[in-house]
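Welcome! Here are some exercises on reading a protein model, each with a worked solution. Take a look at the structure below and then try each task before reading on.

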Amino acid sequence: MARAQKDTRPIADQNTSEAACTYAALILYEDNQEINAAKLAQIIKAANLRVEPIWTKVFEKALKGKRVGDLLHGSSGSAPVAQTATNTTAPAAQQAKAPEPVKEVKKVEEPEEDVDMGGLFD
């Protein structure tokens, strides 16, 4: 029986590990596959990288139930956005609030004091 060879690749640093998990999650998203720790680890291994197992678990937990596409496009990614009921008095309330003019604040410049540097720049 042949023994499985020990993985001798060095473990990636934090920034590389985060980037590897991010790219692996994006690959899974593009393939419309579930994002879980096992699949993330498989992609990272295929990329000839080695990360601490905690990173894949963290990404799985962080992305569980989220829509990665919504996260990419700026939405919160958690729940669908509920449409709010429109109120007919809302436009009147918005018109009633006229924007206040911006008041300009003037800074008073204080004269600089000469500090003796002990002949450093003479």
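**Exercise 1. Which residues of helix 3 are buried?**

Before we start, note that this is a predicted model, in which local features need pLDDT of at least 70, side-chain atom pairs count only at pLDDT 80 or more, and totals for chains, interfaces and linings use all residues. Residues are numbered from 1 along each chain as its sequence is written, and side-chain values use heavy atoms, with hydrogens and water left out.

Step 1. Recall the terms. Buried means under 20% relative accessible area, exposed over 50%, and partly exposed in between (1.4 Å probe, protein chains only). Helices (H or I, at least four residues) and strands (E, at least two) are DSSP runs, numbered from the N terminus.

Step 2. List the residues. W55, T56, F59 and L63 are the buried residues of helix 3.

Step 3. Find their side. They cover an arc of only 95 degrees around the axis, so they sit on the same side of helix 3. The arc is that of the directions from the helix axis to the C-beta atoms.

Step 4. Look for partners. The buried residues of helix 3 pack against helix 1, helix 2 and helix 4 (68-72). After helix 3 comes G65, with a positive phi near 80 degrees.

**Exercise 2. Describe the surroundings of T56.**

Step 1. List its contacts (heavy atoms within 4.5 Å). Not counting residues up to four places away in sequence, T56 touches C21, A37, L40, A41, I44 and V51.

Step 2. Check its polar side. A polar atom of the T56 side chain lies 2.9 Å from the backbone oxygen of P53. This is a polar contact: a pair of N or O atoms within 3.5 Å, where within protein one must be able to donate a hydrogen and the other to accept it, and residues adjacent in sequence count only if both atoms are side-chain atoms.

**Exercise 3. Work out which residues of helix 2 are buried and which are exposed on the face turned away.**

Step 1. In helix 2 (residues 37-46), the buried residues are A37, L40 and I44. Their arc around the axis is only 65 degrees, which puts them on the same side of helix 2.

Step 2. On the face turned away from the buried side, A38, Q42, K45 and A46 are exposed.

Step 3. The buried residues of helix 2 pack against helix 1 (14-30) and helix 3 (53-63).

Step 4. Now inspect the start of helix 2. N36 lies in the loop between helix 1 and helix 2 and is buried, with a relative accessible area of 14%. A side-chain oxygen of N36 reaches to within 3.3 Å of the backbone nitrogen of A38. A polar atom of the N36 side chain also lies 2.8 Å from the backbone nitrogen of K39.

**Exercise 4. Which residues touch the most other members of the largest nonpolar core?**

Step 1. Define the core: a set of buried Ala, Val, Leu, Ile, Met, Phe, Trp, Tyr and Cys residues joined through side-chain atoms within 4.5 Å.

Step 2. Name the residues. The core has 14 residues, and I35, L40, I44 and F59 touch the most other members.

Step 3. See where the core comes from. Helix 1, helix 2 and helix 3 each supply at least two of its residues, and helix 1 gives the largest share, 5 residues.

Step 4. Follow one member. Leaving aside neighbours within four places in sequence, I35 is in contact with A25, L28, L40, E60, L63 and V68.

**Exercise 5. Where is the salt bridge?**

Step 1. Use the rule: a side-chain nitrogen of Lys or Arg within 4 Å of a carboxyl oxygen of Asp or Glu.

Step 2. The structure holds 1 salt bridge. R67 forms it with D70, and the closest N and O atoms are 3.2 Å apart.
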